[in-house]
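The stops below are given in the order in which to select them.

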Amino acid sequence: MTKQPSHRDAVTLGDQTVQRGTGGETHQTAQGDVPTLTTQLGVPVADNQNTLKAGTRGPSLLEDFHFREKIFHFDHERIPERVVHARGYGAHGFFELTHPLSDVTCADALQRKGERVPAFVRFSTVAGSKGSFDLARDARGFAVKLYTKQGNWDIVGNNIPVFFIQDAIKFPDMVHAVKEEPDRAFPQAQSAHDNFWDFISLTPESMNMIMWVMSDRGIPRSFRFMEGFGVHTFRLVTAQGKATYAKFHWKPKQGLQSVVWNEAVKLNGADPDFHRRDLWNAIQAGQYPEWELGVQLFDDEFADSFDFDILDATKLIPEELVPVRPVGRLVLDRMVDNFFAETEQVAFCTQNIVPGIDFTNDPLLQGRNFSYLDTQLKRLGSTNFTHLPINAPKCPFHTLQQDGHMAMHNPKGRVNYEPNSWGGQEGGPRENPQTGFKSFPAEVSGLKERVRSEKFADHYSQARQFYKSQTPTEQTHIQQAIIFELSKVETPAIRARVVSHLRTLHTELAQAVATGLGLKDLPPAAPPARPPLDLPPSAALSIVKNGPNSFAGRKIGVLATDGTDDALLAALEEATKAEGATLEIVAPHIGGIVTSTGRHVPAGQRLPGGPSVLYDAVVLLPSEQGSKQLATDADARDFVADAYAHAKFIGYTPCTAALLSKAGLEHKTLDDGFVALTSPTTAKKFVTTCRALRFWPREASVHAV
Ligand code: HDD
């Protein structure tokens, strides 16, 4: 057989010199600093483009070990996604103690002011699968792993301080109900369907959580702008064995912020990765997000006097009753090197606690302590998942556990059992009654039975309190969210059953929802197991009341064209930077624009790919000529109309009248959410105005347009 001539030669493509392979494809070969590709076992690879064949057009040969290894490994790339919280995004950082808690706990990480421990945090949605979109209406996971000197401590929380159910035995039902329906496999990442609301309508203990998820907490603007909560009551324990109850809070230094529902719907199309991209961009830009860890501390006396059971995870303790005491700061300053190795393989377990921290008898927490360890085995495939670098402790550790799939640390030497009589170093690690973990010796008594405490029976009071604590804008959002969701429910009886619960919870809310659903008669109120209390509002429960006092970390979208006023743009750039915010040019072409002074400014987005939902505020800054062109462009019209409808602050120049009018807005009727940019000094005023984040007074009129 004659050998075919080789087509391998060097060609220049753009700014790169590359090899051309026998199929005409281009690729680089190892030279200089470029390392040689190898098999898993280090054998150098000569050709990564062609399988080994018998003859140029001949059959592929089984002998090709490089091909077989490559495909074999590829075939096994996927591991089961998490049964809940499948879609998530993680980052590294540290926890720094600012206010030691040595008076209430011997936990090593909480002793010395200024001391830092490494941290890894994974944020997530709950219901959607791994590839679902970020702006689902859902709770968000907020799972923190602290690599302390006494072992790993996981606080596996959410951005909502309460939960749907009181007992872990109901978790599979609750999750089945919210996930896609099993026959049709939809809807994906949405609670707006019959099964979910059917379950909810039969589970009144979920009412408090429902208020939270239907509020704007269910559609956060970014992971950086949401709170985190440990949810359960835990125990802090001193070396002397004194215990104090504790609830954990993470408060974002960046302030709270959410989007509106219509924006969320559009964001999911415009950028399904909106939240993960936001975290990535912020950390890469050195804008490290930060949260303050706080604790609510209380004793048995408070627990006994409190209206609810502190073991009931569907209830919170208002901050007005027990203030949040600051403890430290969590800073995320490094993205992962590899998503799979770290974010996908990180294994959080509620059972991961350290000396000085302990569980309580919360029946949800007790059940979780089984579930997480179990699920990691299924997901990661081996009891040795703790050997993965992301899961391994960063302090010394010595176990006598051995073997199993993928064992990377086995005991050294002869001794793998205890007690043994070898003594000293040779005898291996031994238990340590002084420093070892000791469970708080809580007294236990009672009959063995499947029951729930009477004190768990009030399901409406805190839900009502939450609703009452919101601003009118936020209350409207809750009403609209429930109307939206129930309008997707096909079974009228389910809708009516939910409204019955709402009626027990808050009559006006029930009435608004009933009207929105077109229900002729308000269904009777659901009979409560315990008459609801009328609790006072709590300001800490509202997002709007806890916004930032700065526009830092937010993003302005500037709609610009060739000829855009350079002085105004430069002033905006400066004011934005001074505020710690970012600015992105949205232009007719991705190549960017040339301003009035001939300066070339690159574009961040081409207009059709850069709708205003991607930004916290927008500026309309085209030239006069550009403005005329944009006035004929549907994407430009939507850019303006959406920014207006989503109550965003809008900066504009006089020449944009035609564009505004296409979006249904006239100069003379513009509200206070618009700032005219007439001189460079007004640019600063615009950015300062944006600190309020949204111009909420506009919202009521938006629906009337
Ligand atoms: Fe859970 C994952 C938070 C109740 C069973 N849960 C998971 C994650 C978070 C939470 C943040 C993702 C962790 C990560 O990023 O890897 N879960 C909560 C909160 C709850 C809660 C705040 C109530 C207070 N969970 C809960 C119950 C059970 C589970 C009652 C079971 C009885 N959760 C799991 C799980 C998951 C999980 C099946 C799926 C993937 C994983 O654990 O690692 O074990």
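Select His85, which lies in the loop between α1 (65-75) and β4 (88-97). Helices (H or I, at least four residues) and strands (E, at least two) are DSSP runs, numbered from the N terminus. This is a predicted model, in which local features need pLDDT of at least 70 and side-chain atom pairs count only at pLDDT 80 or more, while totals for chains, interfaces and linings use all residues. Residues are numbered from 1 along each chain as its sequence is written, and side-chain values use heavy atoms, with hydrogens and water left out.

Now show the surroundings of His85. Leaving aside residues up to four places away in sequence, His85 touches Arg122, Ser124, Thr125, Val126, Gly141 and Asn158; contact means heavy atoms within 4.5 Å. With Ser124, the side chain of His85 makes a polar contact, side chain to side chain, at 2.8 Å. A polar contact is a pair of N or O atoms within 3.5 Å; within protein, one must be able to donate a hydrogen and the other to accept it, and residues adjacent in sequence count only if both atoms are side-chain atoms.

An unreviewed UniProt entry lists His85 and Asn158 for "active site". They are spread over 74 residues of sequence but cluster in space, with a largest C-alpha distance of 10.4 Å. UniProt annotations may be inferred rather than shown by experiment.

Go to helix α3 (residues 194-201) and helix α4 (residues 207-214), which pack at an angle of about 140° with axes 10 Å apart. Axes are lines fitted to C-alpha atoms, for helices over the stretch in contact, and angles run from 0 to 180 degrees between N-to-C directions. The contact is made by Phe196, Trp197 and Ile200 of α3 and by Met207, Ile210 and Met214 of α4. These residues divide into six nonpolar, no polar and no charged. Here Ala, Val, Leu, Ile, Met, Phe, Trp, Tyr, Cys and Pro count as nonpolar, Asp, Glu, Lys and Arg as charged, and the others, Gly among them, as polar.

Last, select helix α14 (residues 566-579) and helix α18 (residues 680-689), packed at about 35° with axes 8 Å apart. Residues in this contact include Leu568 and Glu579 of α14 and Lys684 and Phe686 of α18. The contact divides into nine nonpolar, one polar and two charged residues.
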